[in-house]
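User: I am new to this structure. Please show me how to read its features, one at a time.

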Amino acid sequence: MMSHGYNPEWSEGAVKCPIYQTSTFVFDKAESGKAFFELAYGKREPNKNEVPGLIYSRLNNPDLQILEERLCLWDGAQEAAVFESGMSAITTVLLEFLKPEDVLLYSRPVYGGTDHFINEVLPKYNIHVVEYFAWDTEEEILQRLEQTGKAEKLRMIYCETPANPTNEMFDLKMLKRIRDKFHVAESNEVVIAVDNTYLGPIWQHPLEHGADLVIYSATKYIGGHSDIIAGAVLGSHAHMARIKGLRTFMGNMAGPWTGWLLMRSLETLKLRMEAQQRNAEEVVKFLQSHENVEKVYYLGLLESDSRSGKIREEQCKGTGAMVAFDVKGGESGAFSFLNNLQLVKLAVSLGSTESLAQHPKSMTHAGVPDEDLKKLGITDSMVRLSVGVEHHDDIIWDLKQALDQVK
């Protein structure tokens, strides 16, 4: 994370990779320009030791290229693509691998913006969507697919695990088994895409468990300072060639400033996430003991012999720093708690150095129908807390004084 992909000799000995604030790049000769474009448009395979040349910052830029190479290290991916937002990463993946009449199988709950795009936008393109839940068995999911009468048109399985905001765990190996039942040839490929934002590149690696693509809102832990909007997708060369191709023509790549800021953040990603997880463990102990907290949702609380606990043990390398809990008194109790916070910020987003709290039902998941929210357990009482890097005593002090004021 400190030096991979960059040589100070390239930039007058600069220790850090500079910001390449340029729209276009000069070719040393016309033949080079031709060769670069041939590779960029897939007109031929690269020769031995040939690397793509710099053409135009919508296609490639040194800051993005080095950043994408470093991102690959965490997940063991062959290639990565960085986007101007998490939603642009998600929507590009969905639009590239789905076409009219195809079926998308997706987990619930998911981030509210993802839920809206899947249920409100994709159907406009005659793409069929089928939901599944963490408590569903493999047989129940297969039955739900068959009941549509379109199971043979399954082309993507989309999963967000742990789920936002409930911390529900989904079994990626089970999804791979489902995929393998329908993925019989390249002509009807079924792609598994996993949103790994909640645990970030440190605590879970979906590609190791059967996923084809891993997606991040890089705004969150990867960026980690509440000063960037960005997204990322990682996977094989073949899948990423398609994604980068669509990114080129949609023009939703990240700019050099964003790439530079994300490189800065990657250097401290592991340190930040380890500190946040340690804080979360202390915060959870406190929340469990407070009389105005009805229930706490945290990966570290899953019983090891439960279904979700077994999935966590197999898939995760940590329990992360995302906590949800139910405050007594419904919405008024939750709002009273949120309104009395002094150190923790009342704001959406997550994964930043500062602790953030919000009300999922009325904020990030406001676009999800009420009957679905009820089914998913996203209630008036639920508060989502992203634990930051402040001293845990200070975070707990603030949570206590705010909870103490709940009537």
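User: What are the axes of helix α3 (residues 86–97) and helix α9 (residues 237–250) doing: how do they cross?

Analyst: The axes of α3 and α9 come within 10 Å and cross at roughly 110°. That makes α3 roughly perpendicular to α9. Axes are lines fitted to C-alpha atoms, for helices over the stretch in contact, and angles run from 0 to 180 degrees between N-to-C directions. Angles of 65 to 115 degrees count as roughly perpendicular, under 35 as roughly parallel, over 145 as roughly antiparallel, and the rest as oblique. Helices (H or I, at least four residues) and strands (E, at least two) are DSSP runs, numbered from the N terminus. Keep in mind that this is a predicted model: local features need pLDDT of at least 70, side-chain atom pairs count only at pLDDT 80 or more, and totals for chains, interfaces and linings use all residues. Residues are numbered from 1 along each chain as its sequence is written, and side-chain values use heavy atoms, with hydrogens and water left out.

User: Is the crossing of α3 and α9 left-handed or right-handed?

Analyst: A crossing is left-handed if the near helix is turned anticlockwise from the far one by less than a right angle, and right-handed if clockwise. The crossing of α3 and α9 is right-handed.

User: Which residues of α3 and α9 meet?

Analyst: Contact means heavy atoms within 4.5 Å. From α3 come Thr 92, Val 93, Leu 95, Glu 96 and Phe 97. From α9 come His 239, Arg 242, Ile 243, Leu 246, Arg 247 and Met 250. By class, this contact of α3 with α9 has six nonpolar, two polar and three charged residues. Ala, Val, Leu, Ile, Met, Phe, Trp, Tyr, Cys and Pro count as nonpolar, Asp, Glu, Lys and Arg as charged, and the others, Gly among them, as polar.

User: Which are the buried residues of helix α4 (residues 112–121)?

Analyst: Buried means under 20% relative accessible area, exposed over 50%, partly exposed in between (1.4 Å probe, protein chains only). In α4 the buried residues are Gly 112, Thr 114, Asp 115, Phe 117, Ile 118 and Val 121. They pack against α3, β2 (103–108), β3 (128–133) and β4 (154–160).

User: Now the sheets. What is the order of the seven strands in the open sheet?

Analyst: Strands of a sheet pair through backbone hydrogen bonds, either parallel or antiparallel. Two strands pair if DSSP finds at least two bridges between them. Here the order is β1-β7-β6-β5-β4-β2-β3, with mixed pairing. β1 (79–83) and β3 stand at the edges with a single partner strand each, so one side of each is left without a neighbour in the sheet. Neighbouring strands are turned by 20° against each other on average, direction ignored.

User: How many bridges join β5 (residues 191–195) to β6 (residues 213–217)?

Analyst: Three bridges join them, and the two strands run parallel. Val 194 stands opposite Val 214 in β6. Helix α2 (residues 62–75) packs on this sheet, touching β1, β6 and β7 (231–235). The direction of α2 makes about 125° with that of β1. α3 lies across β1, β2, β4, β5, β6 and β7, running at about 150° to β6.

User: In what order do the five strands of the other open sheet lie?

Analyst: The order is β8-β9-β12-β11-β10, and the pairing is mixed. β8 (293–297) and β10 (345–346) are the edge strands with a single partner each, so one side of each has no neighbour in the sheet. β8 and β9 pair in the antiparallel sense over four bridges. Five bridges join β9 to β12, again antiparallel. β11 and β12 pair antiparallel over three bridges. β10 and β11 (residues 356–358) run parallel, joined by two bridges. Helix α13 (residues 330–339) lies across β9 (322–327), β10, β11 and β12 (382–386), at about 125° to β9.

User: Which way do the residues of β9 point?

Analyst: In a regular strand the side chains alternate between the two faces of the sheet. Met 322, Ala 324 and Asp 326 point one way from β9, and Val 323, Phe 325 and Val 327 the other way. Six of the six residues of β9 are buried, so β9 is largely enclosed by the rest of the structure.

User: Is Ser 308 buried or exposed?

Analyst: Ser 308 counts as buried, at 19% relative accessibility. Ser 308 is found in helix α12 (residues 307–315). Leaving aside neighbours within four places in sequence, Ser 308 is in contact with Glu 168, Met 169 and Leu 302.
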